[in-house]
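Please open the model in your viewer and keep the selection tool at hand. The stops below say what to select next and what is found there.

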Amino acid sequence: MINKLAKAQKSWIAKFILILTALSFMSLFGVTGYINSAGSNRTVIKVDNIEISQAQFSYLLQREINTARHLLGDRFDLTDEMRQALIQAQTQQLVQDAVLDRTEAKYHVSFRPALVQSVIFNDPAFKDASGNFNRDVFRQVLSRGGTTEEELVADIERDLTRRLLINMPVEGINVPEVLRRAEELADNKRRTFRYVIIRPEEVTVDRKISEDEVEQYYEDFAPNFIEPERRDVTVLLLSMKDIADKMVVDDEEVKAYYEEHKNEYETPQTRQVLQMMFADEQEANKAYFALQSGTDFYKVAEEVANQSKEDTDLGYVAEDELVYELSAEAFSLPKGGYTKPVQVGDMWQILKVADIKAGEKVPYAKAAADIREILKNERLYDESYEILTNMEDALAAGSSLEALAKTYAAVLLNVQGVAENKSVVSVAPEAAFLLQNMDFIDTVFSYNAGEISQVLETEDGLAVVRVDKVIESHPKDIDSVRGEIEELWTVNEKAAIAQEMLNNLMYDLENGDALPAAAKRYGLKVYRSQPVTRNETFANIGYADIREMFTEPLNTPKQIQQGDDYVIAVAEEDYKNSAPLSENEQLLIKRKAYQSLLTDYAEAMLSSFADEYDISIQYKLLGFEY
């Protein structure tokens, strides 16, 4: 029975779903959390005395669907194929869990509570930022996984049972030398392939869509041609600039600010300072004597201090930008003057003042305008909040949008045909930015025709919305969507032609035609791959498909789908790799063989336990399709 269910996992979608369920929190230890409603539902899975009801199965299946939806987000699409894969994976998991539970009971396997507790306390999922077990984090994780502490304990005990009865007995196996050599030969073999790529987008459609097809597509794809609900609204917009422009700041406040921040309106004197640095006093004195003899400062710096002109010129600096030992003296020198050697820490320095820029003070008359804006900005938030409150009061008292606009000298702007997807028929340029604001869109669709919204805070100020007209959602006229229909038809027609080409080409190849000759009939270019191993790839083909293609005889056609495109590849030639495998590659092969054996032995152990029990599955009730 276990082996029969395992066959259901051969499709790629089933393997994908099993990966998803393995990633979910509950699948770390198997699926539990059964609903105790078996008495009122038909049994769909039975392993000796363990029964799983239809309600239990449906509940667990929905939980796995929710897990997949959470992991994939917008990419999740519950197709019939994916649902079947989920049902198959869920059935196999539940049968395996029931076999383990029955085996645990049969052999009286039990675990000390301290061991289970240790597993929980050491699980990284339950630890806080400090790396310690945190009960609040523990409860949050369980809540998100939709399980209880009792169910988690059951999962852990089942996992421990699996390790004790299945994993541990097979962990000591050795990889037979014959198997290792076979794996090494397989990994060291190279193959070349000829292949073609069928791209639907490159297919030529040699006919036009008929009127009957236009009408049929209009009917079949009706949901694609629905005009969304749209609304015409009037927006009162009061920008922060408008609010600031109307604010009044007294001259006395401006003067007081100027006096309190005088230092901000004064530019200190700056000096262009040249600097030489030396490791010892003797070199510094040598440079100083050269300066006294009239030698240029830059030349002395280059010859004695080994400095470039860029290293010597500090540029214009203020007094507080120089080190304390030199600042006072440097700012007491006249233009062109230089200091004696001064020791600063372990170094000796000489400074020269090359130029002086006098400081200046910004007069009050010049600073007043800027100060007024500063004070306005400091009070803008409080002012805008007061306006918002007053607007809300006026609206509550029944004020119209026009009256409110007049009171605050605000502009009224029209937005016509706005939809929830942010599309619009027309919008005043000043209000266009609102369409990117989801709060604005939500507000537009939260009120009925004739109603006025509450005041909305935007990134630029305040807004109030009145819904003037509601245009209900309705099907678009067929003529207005003819272009969309033709585009959709063209895509589908190309896909159908590509599929027919694929089927015909595969038929020809399976009936003995060579790929070059068959491809030529369909106008397809034939490519030849470089020699690859089963661990390499070409044409972006997945590694699983590559490895499968290595198991097929030469000249066997293989079709692979890559998104909308198809690849048909035919193995052309085999030859042994001239380069022997490295020790690391050989070790990797041995590890892969070991893991493969381990998996096979574990499955055999589980299957041997299952053979001891009476297992029945109601496939039809579970939703299996045949």
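Begin by selecting the five strands that form an open sheet in the order β13-β12-β5-β15-β14, with antiparallel pairing; helices (H or I, at least four residues) and strands (E, at least two) are DSSP runs numbered from the N terminus, and two strands pair if DSSP finds at least two bridges between them. The edge strands are β13 (426-427) and β14 (456-458), each of which pairs on one side only. Before going further, note that this is a predicted model, in which local features need pLDDT of at least 70 and side-chain atom pairs count only at pLDDT 80 or more, while totals for chains, interfaces and linings use all residues. Residues are numbered from 1 along each chain as its sequence is written, and side-chain values use heavy atoms, with hydrogens and water left out.

Within this sheet, select strand β5 (residues 230-239) together with strand β15 (residues 461-471), which run antiparallel and are joined by 10 bridges. V233 has V467 of β15 as its bridge partner.

Next, move to strand β7 (residues 270-278), which is mostly covered, with eight of its nine residues buried; buried means under 20% relative accessible area, exposed over 50%, and partly exposed in between, with a 1.4 Å probe and protein chains only. Strand β8 (residues 313-318) pairs with β7 in the antiparallel sense over four bridges, and R271 has V317 of β8 as its bridge partner. Strand β10 (residues 347-357) also runs antiparallel to β7, to which nine bridges join it, and here F278 stands opposite W348.

For the following stop, select β19, which pairs in the antiparallel sense with strand β3 (residues 189-198) over 10 bridges and with strand β18 (residues 557-562) over six bridges. In β19, E573 is the bridge partner of T192, and A569 is the bridge partner of K558. The hairpin of β18 and β19 has two residues between the strands, and G563 there takes a positive phi near 65 degrees.

Which residues line the second largest cavity? Select F193, M549, E552, T556, K558, A569, V570 and A571 to show this lining. On a 1 Å grid over the protein atoms alone, a cavity is a set of points where a 1.4 Å probe fits but cannot get out, and lining residues have an atom within 4 Å of a point. About 30 Å³ of space lies in this cavity, a volume being the space filled by probe spheres set on the points, which are joined across faces, edges and corners. Strand β19 (residues 565-576) gives the largest share of the lining, three residues.

Finally, select I87 in helix α4 (residues 80-106). Is I87 buried or exposed? I87 counts as buried because its relative accessibility is 3%. Leaving aside residues up to four places away in sequence, I87 touches F57, L61, L622, G623 and F624. Q62 lies 25 residues from I87 in sequence, and the C-alpha to C-alpha distance between them is 10.0 Å.

Note on methods
On a 1 Å grid over the protein atoms alone, a cavity is a set of points where a 1.4 Å probe fits but cannot get out, and a pocket is an open set with protein on both sides within 12 Å along at least five of seven lines; lining residues have an atom within 4 Å of a point. Contact means heavy atoms within 4.5 Å.
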